[in-house]
Amino acid sequence: MSRTPAPAPAPLERYLTLQTGLDLLDQGLSIFDADLRLVAWNRAYVRLLGFTDDMAYLGAPFESFIGFNARRGEYGPGDPDRLVAERVAAARHFAPHEIERVRPDGRVLRIHGEPVPGHGFVTLYSDITEQRRAEEIIRRHNAELESRVAARTAELQGSEERVRLIMDSIPALVAYFDHRRVYRYLNRGYHDWFRVDTSRPESVSARAFLGDAVYARVKPQVLRALAGDSQSLEYELQTSDARRLWVRTSLVPQRSAEGAVVGCFELTFDITEQRRSQALLARAQKLESLGHLTGGLAHDFNNILTVVIGNLAALEQARPADPALVEYVQPALEAARRGASLVRGLLSFARRQPLQAAAVHVGALLDTVARLVRRSLPETLRLDIEVGAPDLWTWIDATLLEQAMLNLVLNARDATGAEGRIVLRARRARIDAAVATPLQLSAGDCVCIEVEDDGAGMDADTLAHLFEPFFTTKRPGRGTGLGMAVVYGFIKQSGGAIDVRSAPGCGTTVSLWLPAADPAPDDGIDDAGGQAAGTQAVSRGLALLVDDDAQVRRVIRRSLLELGYSVLEADDGSGALNLLEHTPDIALLLSDVVMAGGVDGRAVARAARDGGRARSVVLMSGYAPGDLSLQADFPMLTKPFDTAQLAQAIEEGEA
């Protein structure tokens, strides 16, 4: 049974109704005519720009607003009359423009102006510093809507055509339907999203353009709004061009003078990026907590593994021909070393691994990665490199970045299969605060490296857990689940960020945002490298060993004795400082970084180096809080380590 559409409201009534809806928007709006006189505005315009209420009236000159701003210093130093004249002259060109301006109170406004042919120009003002509070603002507005509808019904004068031009310029869906759920107005956004005929709103069906599933989700809120309760809801929909968007819709009932609900305003905003930013921040906070927990566990396990590996290795060397050692000790030693490798992965995720950062040429590194990985790819899988500029440099540990890129490419290979395409892309990027904040970066110049594939893609649940330690979608035995966690920890420790965009059937793009750097000086690279010292030495002098774990000291003492040192021990930093002060001719200081008490290994190392109390200084740690690269003056050994690694570090630490 078909419904007979109700007669359309009179033009003036529709005009006043639309103005009321316009005042509900968070964005400020103004429209000046061809003579630069104010003909339409909303309350947000006055609020966001900090104007007084008596400045905004029908016919107010554009020059009065510019003059107000100039006199209070909005445009910086200079003659106010000259500043006003320049801006009024520019406005008379009626050219489209979009700028961002920081107001003296610290708020950042995005200002977007568009000419209205034959009428002047319309301008939108968005407060982009308050995006995270958008939901709260909308709820507050919803509570005020009923009183504002009654208070503003007589304020706007003008033509229906002009109001439509204004409404069509707003980057949101604006609609009005009557109490029988028949649309009476749709702005141009509905045509852009759903290709509906907005000139005949009464013929448009919400079920048709939303689809049955979304319509069933929205309909109960529509009925509640028509019963007199304002509603706000978030949901996902699909546009006519197959884009999937998260939106927020506010439904505000309109009442007649008698109090009956006669219709409803419908305001819909695209919040896809806002939700994505919130998800990124939530993920970063969760991974930060996991990192603290993982780092502490890795530190303790490294101390345990130092004792286990050291004693097993000593037992193996003491009786190399014993069959029982071959059968029992060697497998245990190999397992302990695998455990140490696993702990190193945890340290990487926890951002506690030592870094050897330097200026790295991004294009050359991608070429190296492509050359290394090609043999592991099917011949039918295409691997392309796209470098946007030849002089892209970043400050990072080149070896670890190469390992991270190899990990990402191999993951892309697994997702893509035998046929498909993987792209390694690098470009210079400049990110603003809106992009940088959810990534926990600072706005400015950076380098973006992307690994893009056209493979299977990932669903939302997989993306939510992607960087967590030991999470994997591979079959048992095909990996530890630490690969992406290690990449995440390394990139964050290097001052960068990692972002993933993916959907089932749509492939995956992993983006690494890294700090930009100046090119490395062309003065040659010292790659000679010291050779590890032999494990036997004679009379190398006195070594001061500092560690608060007695079992760890026992194992490391054995290695020092093998290298030819006499060993003096201290179990904390204060004791080590006292021994340094009263013991002459110390050849080596080997100190843990993190120890109980008020003096850590860094302080002991500085005292030994600055006072010339030790010829060689080496630090060691299961992990060191903060950036281990800060200890660039001292070699850093990551527990557990063997005698050969210790010998090499000692050579590097010669004062």
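## Overall make-up

The protein contains 20 helices and 22 strands, and the model described here is a predicted one. Of its 655 residues, 47% count as buried. When contacts between residues at least 6 apart in sequence are considered, 63% of them join residues that are at least 24 apart.

## The nonpolar cores

The largest nonpolar core has 41 residues, and within it L401, M405, I449 and L512 touch the most other members. At least two residues of this core come from each of several elements, and the helices among them are helix 12 (362-373), helix 13 (398-416) and helix 16 (483-493).

Another core, of 27 residues, lies apart from the largest one, and its members include L173, Y215, L226 and Y235.

## Helix 3 with helix 4

Helix 3 (residues 62-71) packs against helix 4 (residues 80-91) at an angle of about 140°, and their axes are 9 Å apart. Helix 3 is therefore oblique to helix 4, and the crossing of these two helices is right-handed.

On the side of helix 3, the contact is made by F62, E63, I66, G67 and A70, while helix 4 contributes P80, L83, V84, R87, V88 and A91. Sorted by class, the residues of this contact divide into 8 nonpolar, 1 polar and 2 charged.

## Helix 17 with helix 20

The axes of helix 17 (residues 550-562) and helix 20 (residues 643-652) come within 10 Å of each other and cross at roughly 65°. The two helices are therefore roughly perpendicular to each other, and their crossing is right-handed.

Helix 17 makes this contact through S559, L560 and E562, and helix 20 through T643, L646 and I650. The contact of helix 17 with helix 20 has 3 nonpolar, 2 polar and 1 charged residues.

## Helix 18 with helix 19

For helix 18 (residues 573-582) and helix 19 (residues 601-610), the axes come within 9 Å and cross at roughly 10°, which means that helix 18 is roughly parallel to helix 19.

The residues in contact are G573, A576, L577 and L580 from helix 18, together with A603, V604, A607 and A608 from helix 19. By class, the contact of helix 18 with helix 19 has 7 nonpolar residues, 1 polar residue and no charged ones.

## A glycine in helix 7

G189 has its place in helix 7, which covers residues 188-194. With a relative accessible area of 12%, G189 falls under the 20% limit and is therefore buried. In sequence G189 and S169 are 20 residues apart, whereas in space their C-alpha atoms are 8.8 Å apart.

Definitions and conventions: Residues are numbered from 1 along each chain as its sequence is written. This is a predicted model: local features need pLDDT of at least 70, side-chain atom pairs count only at pLDDT 80 or more; totals for chains, interfaces and linings use all residues. Side-chain values use heavy atoms; hydrogens and water are left out. Axes are lines fitted to C-alpha atoms, for helices over the stretch in contact, and angles run from 0 to 180 degrees between N-to-C directions. Helices (H or I, at least four residues) and strands (E, at least two) are DSSP runs, numbered from the N terminus. Angles under 35 degrees count as roughly parallel, over 145 as roughly antiparallel, 65 to 115 as roughly perpendicular and the rest as oblique. A crossing is left-handed if the near helix is turned anticlockwise from the far one by less than a right angle, and right-handed if clockwise. Contact means heavy atoms within 4.5 Å. Ala, Val, Leu, Ile, Met, Phe, Trp, Tyr, Cys and Pro count as nonpolar, Asp, Glu, Lys and Arg as charged, and the others, Gly among them, as polar. A nonpolar core is a set of buried Ala, Val, Leu, Ile, Met, Phe, Trp, Tyr and Cys residues joined through side-chain atoms within 4.5 Å. Buried means under 20% relative accessible area, exposed over 50%, partly exposed in between (1.4 Å probe, protein chains only).
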